[in-house]
Amino acid sequence: MLYQELQPIDTYKIMMAHPFSDYDRQLLTLFYQPLIGPQSMSLFLSLWADAERNLDSEYNHYHLMNLLTMPLGQVFEARISLEAIGLLRTFCKEEGGDRSFIYELLPPMDAKSFFEDPLLSTFLFSKIGENAYRGLKARFTLSDQKMDGYNEVSRTFLDVYKPIRSSGSEIEQEPTKLSGKSVSEGLPFANFDFDFQLLRAGLSEQMVPQSALASVSKEFIGKLAFLYSLTPMDMQKVIMMALDEDLNLPEERLRKAATDFYKLNISRNAPKLEKVFHKEAPPLKKEPVTREDELLQYMETVSPREMLRDYTGKEPLPVDVQLAERLVTVHGFTVGVVNVLLHYVIIRNDGKITKNYAERIASHWANKKITTAKQAMDMSRKEHDQYMQWQKEGSKQTNSRKQRQGREEKLPEWFRKNDETDDRKQANKKDVDPSMDEKRRQLIAKLDAMRTEGK
């Protein structure tokens, strides 16, 4: 499912209408990071840094995997978390089998709008707790006490400027699309299914005027219903509780009424939000899980840089990382195929990666349409003799046939899969205790003696 959505070879550009401010950085760190987590925050900051450096640059997602040291699946999940919280919009285009993206970075909501949003404010409350929430709210809220005794004396535009007639030529009014400062539109909350007709049907005009209900946006009502798991009938009761003495329906009273109804009828604990994206993924294979299944899962999920680091125990050479990136971008291999190829080459070549040798195998696999780590492993077993011949042709050392035959051949652990069953059978034969035959003869002799005594 992941590779239908995103592949390392897919390219992307970053779009940002204007530079973000230090105030935006504070909001991201204090308000959004507790909600989206460190991985999504790292992705946003990385995109932000690349956008400030050069907006016209084009990258592939292998660049993000190396930069964040994350497998592709984690990069994708971080991306959709940013989309869900309203910090990123993603646009995709496919042409001739190639897929490219545009990532538009959006600024965070200002503190006032954030605290007024019922979903975001409650989500943050459930993440950081009451004391931290109140402290954060006090930090970003202007105190009215500081303005006591003061009257505003600021001049307006009309107080300072006035128009005069000019005899010069008229300004040509050409339609031009200018990029102004983008403002956060809040949460992308458009697909929540709530029956507003049923809600209105249960409210009489005498009790709740239509004007009062129309003063509150559908989105605000939908967010409250989603957050507190309220049905249309529940929301009717909430609205009745929220009406003031003039039969008006202020949003603040409606939010407080929804909170009170939730505490009285559903739970005393604050509601929590849970990600559901991971539930859409196909279920993993259940037990028994073989060693090769574990290895395949590892090869398909880690980046080549991580695989090389895990194998050698140190940071891989830049030339090896560049070769891995070339296998992804030029040959179009998935990460799993690249990992199997590099793993095979590095073990066959005494811990070294030879570019020409790897490229020759890669060209062969590209012609064979290898797309998964399992196919790559099977092809390595099938064509092993041919790959050995290519290695000998590319080697500058001239060893004698005896030296080659005497040296122990090194192969990956997964390579000898087909011989495992036969090896176990041979091992079982060798492990038989030689004294068992003698014990068996002694037992037969005792049984014969017992039969003779019985007669």
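These notebook entries record what I looked up in the structure above.

**Ground rules.** I am working with a predicted model, where local features need pLDDT of at least 70, side-chain atom pairs count only at pLDDT 80 or more, and totals for chains, interfaces and linings use all residues. Residues are numbered from 1 along each chain as its sequence is written, and side-chain values use heavy atoms, with hydrogens and water left out.

**Whole chain.** I began with secondary structure. The protein chain has 23 helices and four strands. Helices (H or I, at least four residues) and strands (E, at least two) are DSSP runs, numbered from the N terminus. I then looked up burial: 37% of the 455 residues are buried. Buried means under 20% relative accessible area, exposed over 50%, and partly exposed in between (1.4 Å probe, protein chains only). The accessible surface is about 30000 Å², and carbon and sulfur atoms hold 50% of that. These areas come from the Shrake-Rupley method with a 1.4 Å probe. Of the contacts with a separation of 6 or more, 72% join residues 24 or more positions apart. Contact means heavy atoms within 4.5 Å.

**Helix α11.** I moved to residues 218–228. Eight of the 11 residues in α11 are buried. They are F220, I221, G222, K223, L224, A225, L227 and Y228. Their cover includes α5 (111–116), α6 (118–128), α9 (196–201), α10 (210–214), α12 (232–242) and α13 (251–265). After α11 comes S229, with a positive phi near 55°.

**α15 against α17.** I took α15 (residues 304–312) and α17 (residues 335–348) as a pair. Their axes come within 9 Å and cross at roughly 30°. Axes are lines fitted to C-alpha atoms, for helices over the stretch in contact, and angles run from 0 to 180 degrees between N-to-C directions. The two helices are therefore roughly parallel, a label for angles under 35 degrees. The crossing is right-handed, that is, the near helix is turned clockwise from the far one by less than a right angle. From α15, I listed P304, M307, L308, Y311 and T312; they meet V335, V338, N339, L342, H343, I346 and I347 of α17. This contact holds nine nonpolar residues, three polar and no charged. Ala, Val, Leu, Ile, Met, Phe, Trp, Tyr, Cys and Pro count as nonpolar, Asp, Glu, Lys and Arg as charged, and the others, Gly among them, as polar.

**H61.** H61 counts as buried because its relative accessibility is 1%. Leaving out residues up to four places away in sequence, H61 touches L6, Q7, P8, D10, T11, Y12, L72, F101 and Y103.

Conventions. Parallel < 35°, antiparallel > 145°, perpendicular 65-115°, else oblique.
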